[in-house]
Amino acid sequence: MDEQEFAELSAGFVLNALSPADRQAFDAARALHPEWEHWITADADTAVALADAVPDSLPPLTLRSTLLSRIATMPQLPDADAAEAAAADPVATRPEASVSADDPSFVEPAPTTSTIQAISRRNWTRGLLTLAASMVILVVLGFGAVSINQYVNRPPAVAALAEIEAAPDSESATTELDDGGTATAHWSASVGKAVLVSDGLPEIADDQSYELWFVRDGAAVSAGTFEPAGDDAVTALLDGAMEPGDTIAVTVEPQGGSPTGEPSSEPIVTIPTA
């Protein structure tokens, strides 16, 4: 067995999925070539990484049946060792078998049925290992795709909050509302964004909205509107860039925001940032 074949069978050894003949040949090669041990180490590390990448969730219900159905449709050949097949090859007993390969009259003998079966068995074993590994990768990618999709499709406010919290100059301030709710402003001068996370805001009518404001130099600058979310916390991204010393405020306005561009009621949330 050469190193390439050893590397090909290494994954099967790590997964304890080699046939008895392949396992015997693999163990013999491993004993003769300790310098090839790095293939086993690399495949073992890969198997551990794949296992750690899968969250604690049940795999798809169809995974086992799909794998078994694929196995059932693959050719099932009797176990045969290539060395035994070669020893039993009747071509080796024929007189012309002693003809040198350099002789112009030499004709490569056709492989026997036993030899074909031995080769097919080994190819089938490796194909099964590839199939099993592919199924594992698909499961990992399937779960990973869900997480990636959730990450990529985060609401802008959630993405902005993560960006702010990761900034070295991230700041926040919290205020308690009269009815027990809370509101926390998060901002970062380097990021240039501000986010309000509120929980337990007072109920408003269906034809009303919450409006965000930057209050600076005695004037209020609209920073967009957001809608209530029942009992759930609301994360809202303020439109526009916050300036040092701004106060973040929230008022209750007609649906869509104040028609005059100025607050029409007293703020229910006021959070100084300086």
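Residues are numbered from 1 along each chain as its sequence is written, and side-chain values rest on heavy atoms, with hydrogens and water left out. Because the model is predicted, local features need pLDDT of at least 70 and side-chain atom pairs count only at pLDDT 80 or more, whereas totals for chains, interfaces and linings use all residues.

In the contact (heavy atoms within 4.5 Å), Phe6, Leu9, Ser10 and Phe13 of α1 meet Asp22, Arg23, Phe26, Asp27, Ala29 and Arg30 of α2. By class, this contact has 5 nonpolar, 1 polar and 4 charged residues (Ala, Val, Leu, Ile, Met, Phe, Trp, Tyr, Cys and Pro are nonpolar; Asp, Glu, Lys and Arg are charged; the others, Gly among them, are polar).

Aromatic rings of Phe, Tyr and Trp (its six-membered ring) are paired if their centres lie within 6.5 Å, and planes under 30 degrees apart count as stacked, over 60 as edge-to-face and the rest as tilted. The count comes to 4 aromatic pairs. The rings of phenylalanine 13 and phenylalanine 26 are stacked, because their centres are 4.9 Å apart and their planes lie at 25°. This pair links helix α1 (residues 3-14) to helix α2 (residues 20-32), its members being 13 residues apart. Both phenylalanine 13 and phenylalanine 26 are buried (under 20% relative accessible area; exposed is over 50% and partly exposed in between, with a 1.4 Å probe and protein chains only). One aromatic cluster is formed by Phe6, Phe13, Phe26 and Trp36.

An open sheet of 4 strands has the order β5-β4-β7-β8, with antiparallel pairing (two strands pair if DSSP finds at least two bridges between them). Its edge strands are β5 (219-226) and β8 (269-272). Strands β4 (residues 208-216) and β7 (residues 247-254) are joined by 8 bridges, and glutamate 211 has threonine 251 in β7 as its bridge partner.

Asparagine 16, in the loop between α1 and α2, has a positive phi near 55° and is exposed at 63% relative accessibility. Aspartate 217 lies in the loop between β4 and β5; its phi is likewise positive, near 55°, and its relative accessible area of 82% makes this residue exposed.

Note on methods:
Helix = DSSP H or I, 4+ residues; strand = E, 2+ residues; numbered from the N terminus.
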